[in-house]
Every structure is written in C-alpha cells, then in structure tokens.
Amino acid sequence: MRILHISALLALSVSMAACSSQNVQPGTAVATHSQSELFGDTAPAPSRQQAAITNRTQNPQQAVAFNAPEQQTPPTAQISPTQLQSAGGDKTYRGAGKLNRLPDNIASSLRLRGLSEQNLGAYVRPVSGGQPLLVAYADTPRNPASTMKLVTSYAALGVLGPTYRWPTEIYTAGNVVGDTLQGDVIIKGYGNPDFREADFRQLLQALRARGIRTIAGNFVVDKSYFNVPPQAAIDGNAGADYNAQPEALLYNERGSCYEMRNKAGQIQKICPIAPRNGSDLNANLFGDFWKIWVGEMSGNLSGGLQVQAVPAGAQLVSTHHSQPLSNVLVEINKESNNVKARQVLLSMGAKQFGAPGTTQKGAGAVGQFMESRGLRFSNLKIENGSGLSRVERISTREMGEMLVDAYNSPYRDELMRSMAVLGVDGTVKSRLKNLAGRGKFKTGTLRDVRALAGYLTAANGQTYVVALLHNDASIRATAKEAHDDLVEWVYYGAQNSVASAQ
C-alpha cells in the first residue's frame with residue numbers, strides 16, 4: 001500500500017475554484033446495410049443502450065481478476081470478454097495495384113522538398129474491393145504516428161462494443177454512526193477515459209445522500225484495474241499534454257488547477273499536472289474531493305489520501321457510467337487525444353484477458369479482433385495504441401486493408417463518425433478546403449513522421465481508402481502538401497492517368 005498525505009491541502013480553507021484543460025495532441029464477414037450520408041454534418045444520435053456490464057459471477061475459465069469481497073458485499077463490476085472466433089486464413093489483398101509507383105507529380109513534389117519517394121508508402125483501394133488504384137512502397141513496416149488510433153478504435157468497436165460504458169464505483173469501509181463514517185471512502189476506477197468533476201460530484205452526492213457528513217478515515221483510490229508503468233516522454237517533452245499517462249482512475253486527463261485561500265487569506269494556485277505521473281493524478285483527484293466534499297457539501301475528512309485496492313467487506317454505494325465508446329472515439333480521432341486512446345487499449349486488454357489491463361493484453365486483444373476479421377497483419381506492432389511511440393509499426397497496405405474491412409463491417413458508421421471531416425473539423429480542418437466534406441481522415445504527426453489515413457469520395461462518386469505513411473528523417477510540415485496533392489490525384493479522376501503512367 002502506498003500512502004500520499006497532502007497536508008498542505010488539508011491546512012487550506014474550503015474556498016476554492018477548479019478548472020480543467022484538455023490534453024490534445026498538437027500535431028495488432030462483410031456486413032450489408034443501408035448507405036448513410038458518409039461525409040455530411042449530421043451525426044447519429046448516441047445510443048441509449050448500456051454496455052454489457054453485469055453483476056453475475058464470472059465463468060472461472062474467463063480468468064477475469066477482480067477483488068474478492070466478502071459474501072455480503074455487493075459485487076464489483078464484472079466485465080465479460082467478447083467471444084471472438086478466428087475467421088481462418090487471411091483475406092488481406094496482397095496483389096499489385098493498377099499503378100505500382102507514386103504518380104510522377106507526387107514523386108517530383110517530394111524530390112523538390114529533398115525527400116525520397118521510397119520513404120512514402122501509399123495505398124489506395126476502392127472500399128468495394130477489387131484491384132487497388134495505387135500500391136507504392138506499401139509493404140514496408142512504418143511508424144504510423146497517430147493513425148494507429150484507427151487500429152485501436154476499430155478493434156475497440158469489436159471488442160468493447162459501440163455502447164460500452166466504463167463504470168466508476170464509490171464504496172464505504174466501516175460502520176456509520178450518526179453522520180460519521182468510522183472508516184474510509186474508496187473510489188475504484190475501470191479506465192474511464194473521460195472521468196471529470198461532474199461525474200465525481202455525482203458519486204459524492206450519492207455518499208452524502210446516505211447521511212454521511214464526516215469521514216473519520218481516509219479517502220482511498222483503487223486504480224488496480226490497470227497495471228501500466230509510465231512511458232518515457234516522447235520527443236523529450238515530459239510536461240506536454242500529449243504525454244499524459246493512462247490510469248485506471250484517470251481524472252480530468254490530469255489537467256486540473258486549483259485556486260485556494262489559505263488561513264492568512266492569500267490565494268494560492270496549485271496545478272499538479274507536471275510531470276504527468278501517478279502522484280499528480282492523485283493530487284488532482286484529492287484536490288477535487290476536498291473542493292466538493294468539504295467546500296460544497298460541508299463535509300469533513302479526518303485522514304489523508306491512500307492508494308490501495310477496495311478492501312474485503314467494503315459496501316458499494318453507487319456506480320457512475322461513462323458516455324458510450326462511440327462518443328469517446330470522436331474525441332480520440334477528431335482531435336487525436338493520446339491518453340484516451342491508451343485508456344481504450346488497456347480497457348480492451350482487461351476485458352479480454354482479465355484485470356489488470358496491460359498494454360500487452362491490449363495488443364493481444366487487437367490481434368484477436370483482427371484475426372476474427374480475417375486480417376493477419378505480420379507488420380503490426382503496438383506499444384500503447386495511440387501512435388505516440390517510436391516502436392509502433394504497421395505497413396501502409398495493412399492500414400489500407402483494415403480500413404476497407406472496417407467500411408464493410410457493422411462498425412463502419414461509428415468509426416467514420418469519429419474521424420475528422422476534410423476541410424471542416426478536427427486535425428484536417430485547414431486542409432484541402434476545395435474538397436471540404438468529401439473525405440474523412442485521421443492524421444499522424446511525430447518528428448520524422450507524417451501520416452494520413454481514411455476515406456475519400458472521388459468526383460465520380462467512387463469511395464476510396466487512402467493510406468499514406470511517410471517516414472523520413474528530413475520530413476517537415478510541408479510534406480503534407482505532397483500528401484494533399486496525392487489526395488487530389490485520387491479525387492480528380494486518377495483512373496484516367498493510370499494507364500499512361502504504368
């Protein structure tokens with residue numbers, strides 16, 4: 001057990017205000033259904049269906065590890081693994097394209113920027129299948145940067161389900177005498193990527209509704225549902241928002257600040273957000289506990305902050321459920337949110353292989369799902385599922401083939417709704433305004449990496465998958481201009497120039 005006492009907070013008065021800042025990154029059977037408006041502004045209404053979270057006893061063979069409470073204790077959330085059967089074989093298209101090198105104008109554009117065309121993998125194929133329009137350097141494993149989020153998102157739709165909602169629980173341990181709890185209050189997280197102040201307040205209101213005003217014990221955080229060591233900061237910027245670390249009880253994406261008046265009447269501001277590790281998370285959560293429980297609800301706390309598992313005999317008070325996965329994916333993909341993508345990967349691992357969720361289990365869940373779809377990707381390597389990595393890999397063909405499969409799956413609409421609309425919003429808001437609304441894409445940006453992957457409806461009405469993975473030590477932001485040129489080449493009737501270009 002690790003104990004963190006924040007005596008400075010306890011010494012301050014209850015007058016405080018909190019604000020949050022989002023962490024947004026700057027820069028592993030074909031279904032038939034009706035055609036929807038693919039690139040319009042209208043989004044389907046969120047589903048009201050709850051996720052498959054039950055309170056029944058798990059099958060022992062499923063090996064899902066949870067706390068083992070005493071018999072009289074309400075059971076903690078039980079999350080059953082999704083049954084995914086191998087499709088057998090590999091349906092990935094491995095053949096050549098109509099054009100098997102970059103178009104001349106694209107190759108020239110790269111050379112003018114001092115870039116080698118061999119470092120850009122390109123794959124363009126109709127979503128309906130058939131021979132690809134373009135296959136160029138597409139089988140080399142490359143760093144996909146944030147386009148890896150599409151792999152994580154598609155797998156999550158199959159493993160967790162579009163309507164999956166993450167639970168967060170509040171418990172008491174000890175007897176209640178009058179308005180005093182002679183023990184601890186415990187919050188247990190299951191990986192909600194978007195647990196915020198209003199959600200926390202809801203749980204504390206349920207506690208207050210039990211008639212409890214004074215907590216004679218401690219405020220306890222149970223984050224045992226995940227086990228993930230901190231990842232080294234990418235590009236050496238440990239304090240950057242995009243380097244926020246995942247946690248089973250992630251709060252405000254580690255982005256809270258507090259202004260408090262001390263006993264001398266002075267305003268003190270605390271922003272426990274850097275470095276973004278376990279301690280700062282606990283400070284964020286404890287700070288808001290103090291703000292809400294003491295400041296707003298006139299409650300008391302005698303103890304400090306502890307980090308440990310829910311003890312045997314603890315009583316479940318209330319459960320908060322997050323917004324559905326389909327909504328979370330919109331936030332992940334349109335604005336390229338790294339920590340939320342990492343939460344999703346860890347959640348898949350815990351669901352399929354039992355708690356605690358790890359990145360290895362998450363990668364295994366992705367591979368399991370892809371195999372169930374008949375996609376065997378030998379180049380796929382996952383470190384955290386967000387693309388914020390120097391070791392994650394996938395070939396451009398594999399990325400493109402996954403997107404073809406996703407388009408012909410039951411999850412097409414949810415995945416496409418989560419992607420940025422070309423020239424309209426998200427990370428492609430300012431790109432290709434002349435083609436606004438004609439495509440949905442995910443971008444990827446790291447030092448030495450630029451990537452673009454998604455769907456484009458060409459002028460002739462044909463919808464294509466377009467996947468571009470570009471790894472080059474000399475790459476700069478202007479490389480996206482060459483990528484945009486290739487998108488335009490597809491849009492304005494590339495099929496007319498293919499024969500002469502071969």
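Helix H7 (residues 338–353) packs with helix H8 (residues 359–372) at an angle of about 80°, and their axes are 7 Å apart. Axes are lines fitted to C-alpha atoms, for helices over the stretch in contact, with angles from 0 to 180 degrees between N-to-C directions. H7 and H8 are therefore roughly perpendicular to each other (65 to 115 degrees). Contact means heavy atoms within 4.5 Å; residues making it include Leu345 and Phe353 of H7, and Ala363 and Val366 of H8.

The model is predicted: local features need pLDDT of at least 70, side-chain atom pairs count only at pLDDT 80 or more, and totals for chains, interfaces and linings use all residues. Residues are numbered from 1 along each chain as its sequence is written, and side-chain values use heavy atoms, leaving out hydrogens and water.

Helix H6 (residues 325–334) has nine of its ten residues buried (under 20% relative accessible area, 1.4 Å probe, protein chains only). Its buried residues pack against helix H3 (148–159), H7, helix H10 (412–417), S18 and S19. Just after H6, Ser336 has a positive phi of about 60°. Helices (H or I, at least four residues) and strands (E, at least two) are DSSP runs, numbered from the N terminus.

S18 and S19 belong to an open sheet of six strands, ordered S6-S5-S21-S20-S19-S18 with antiparallel pairing; two strands pair if DSSP finds at least two bridges between them. The edge strands are S6 (134–136) and S18 (420–421). S18 pairs with S19 (residues 439–446) over two bridges, and Val421 has Lys440 in S19 as its bridge partner.

How values were computed
Angles under 35 degrees count as roughly parallel, over 145 as roughly antiparallel, 65 to 115 as roughly perpendicular and the rest as oblique. Buried means under 20% relative accessible area, exposed over 50%, partly exposed in between (1.4 Å probe, protein chains only).
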